[in-house]
Amino acid sequence: LALSRGSLAAPPQKASAFAGGSRHGRVAVLPGPSRSRAMVVRRRVASPQPERHDGAGGSAVPTSDEDTMTGEPSEGNAAGSGPTKALTPGQTKAAESKLSKVRTRLMFGTPMIFAFFGLVWLGHPYMVLLVCLLQVGLFRELVNVRYKPAKEREVPLFRTFQWAMFVVAMTHVYGRVFVKLGLAHSATERLPEPISFLVKETIRYHRLISFSAYVATFVGFVLSLRPGLYKYQIGNTVWTVGVLSLVVWQIKGTTELIFAGLVWFMLPCGLVVANDCWAYFSGVALGKRFIKSPFLALSPNKTWEGFIGGFFLTVIWGWYYAGLISNHQWTVCPQRNVDPFANLSCEPSSLFQVQSIDIPSKDFRLFSIQAKPFQLHAAFLATFASVVAPFGGFLASAIKRAYNIKDFDSLIPGHGGFMDRMDCQFLMLLCTNVWYRTFVRAYDELSEEDLLRVIQSMVPSARASFLEMLLLEFNCTGTCVA
């Protein structure tokens, strides 16, 4: 159909451009020798077709005219046949990518689980060493988030000051913990005399040494400030202090948990891993089938079904996991020294023995169950691991979104870095330490062995003065009888 010059509303375009359309078809304007001689081709289609989207949630993929004209099913239609089985190429690629990620995670995650239980078999000091190495990796990844090489080349020793702050914090925290637990005294007994004397003097002046190192780092940082970089340097220093509170302060009680019995370290770590897995499987199986509203804007892939399902399954799993790991003396017996090859043998506490437990309490009993009290502690900790600990992961997600990064590191294929795996463990370990000191062993419940370790860690003059005070308190001149 030839149209006159006045009937053309727009200049001629390429043949692939649609000039207009109606419910009967689309009009394509073909280039010609003149605008008045343009040819308009009308092709009839059944009805306007909606755009389809690929499975990855990407951009829209328009349906081709050939599919709508002939009525034949396309490669992604349900009625079609082929290797994709009703999946579009985008959906197939996304499914293959997800399967590949799962394989990679399993390939590198399984050895990590075996390595963890291998360290459990080696003993308590090796688990403390593992925690220290993890803290080093976590600090490195978090301070690297704000690393800008162009600016830091203009700042002398800026990275050195960051690591100096980390060393000062670690030395101060672990020194106090080792002295408090009596581990420092047991370590000096296994060292040669000159080194033992040096360690004892270091322990004696530990606070002064820590304070002096802090002052030196503080003064050095102030002297390193450069005009034009004040905001960057101070911002990074505040960030470093925040990182230290996460990776040093929150985990400072972990050493106490480990030497109190490996179960108190294995339990929180296992609960976090289990909740991560159960929430993932619950989300895949039931995600957005019952609750359509998004769970949290920070993690759009999380669903309410995954969160709720993960909670119930983690509590159930934690009950049986706690019963399993508390069956062995190696995991329930505390270690009172830093012997790297200790042979532990003890009478398990009543906490790890099956007994009748009144629910909810002895004074108000509704029913009784036969279980280990440790399993009840595990149920409460599993609740925290499912409801509160994931917010550590949400914080990590917010950090990654704020700085436009996918993973904190590429150290572990399929998993990212240490922070990607340990983001929920900070709060969990802190909660376990608080729970242990509040409901399992309060600070005022010290055994004879604990008091003896404290006395042994005292300097000779303080020890003699303490013994004199004991004699005066109980009116003992020789042998004291209760």
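V219 is partly exposed, with a relative accessible area of 40%. Buried means under 20% relative accessible area, exposed over 50%, and partly exposed in between, with a 1.4 Å probe and protein chains only. V219 belongs to helix α8, residues 206-223. This is a predicted model: local features need pLDDT of at least 70, side-chain atom pairs count only at pLDDT 80 or more, and totals for chains, interfaces and linings use all residues. Residues are numbered from 1 along each chain as its sequence is written, and side-chain values use heavy atoms, with hydrogens and water left out.

**Overall make-up**

- The protein has 19 helices and seven strands. Helices (H or I, at least four residues) and strands (E, at least two) are DSSP runs, numbered from the N terminus.
- Of its 482 residues, 35% count as buried.
- The accessible surface comes to about 29300 Å², and 65% of that belongs to carbon and sulfur atoms. Accessible areas come from the Shrake-Rupley method with a 1.4 Å probe; for residues, only the protein chains shown count as cover.
- Contact means heavy atoms within 4.5 Å. Among contacts between residues at least 6 apart in sequence, 64% join residues at least 24 apart.

- Y205, L208, I209, F211, Y214, V215, F218, V219, V222 and L223 make a nonpolar surface patch of about 980 Å².
- Patches are made of residues with over 30% relative accessible area and no salt bridge; like charges are joined within 9 Å, and nonpolar side chains (Val, Leu, Ile, Met, Phe, Trp, Tyr) within 5 Å.
- S210 also lies in helix α8. With a relative accessible area of 8%, S210 is buried.
- Neighbours within four places in sequence aside, S210 is in contact with V168 and H172.

**Positive patch**

- R176, K180, R207 and K252 gather in a surface patch of positive charge.
- Lys and Arg count as positive and Asp and Glu as negative; His and the chain ends are not counted. The place of a charge is taken as NZ of Lys, CZ of Arg, CG of Asp or CD of Glu.
- K180 is found in helix α5, residues 158-180. Its relative accessible area is 45%, so K180 is partly exposed.

**W319 and its partners**

- W319 sits in helix α12, residues 304-325. At 22% relative accessibility, W319 counts as partly exposed.
- Leaving aside neighbours within four places in sequence, W319 is in contact with I369, A371, Q375, L376 and A379.
- W319 and Q375 are 56 residues apart in sequence, yet 5.3 Å apart in space, C-alpha to C-alpha.

**Salt bridges**

- The structure holds six salt bridges. A salt bridge is a side-chain nitrogen of Lys or Arg within 4 Å of a carboxyl oxygen of Asp or Glu.
- D420 and K400 meet through their side chains in a salt bridge of 3.2 Å, N to O. This pair links distant parts of the chain: D420 is in helix α16 (residues 418-422) and K400 in helix α15 (residues 390-402), 20 residues apart. Both D420 and K400 are buried.
- R365 and D358 form a salt bridge through their side chains at 3.9 Å, N to O. R365 counts as exposed at 52% relative accessibility, whereas D358 counts as partly exposed at 24%.
- D407 forms a salt bridge with K406, and the closest N and O atoms are 3.6 Å apart. D407 is partly exposed, at 31% relative accessible area. K406 is exposed, at 63%.
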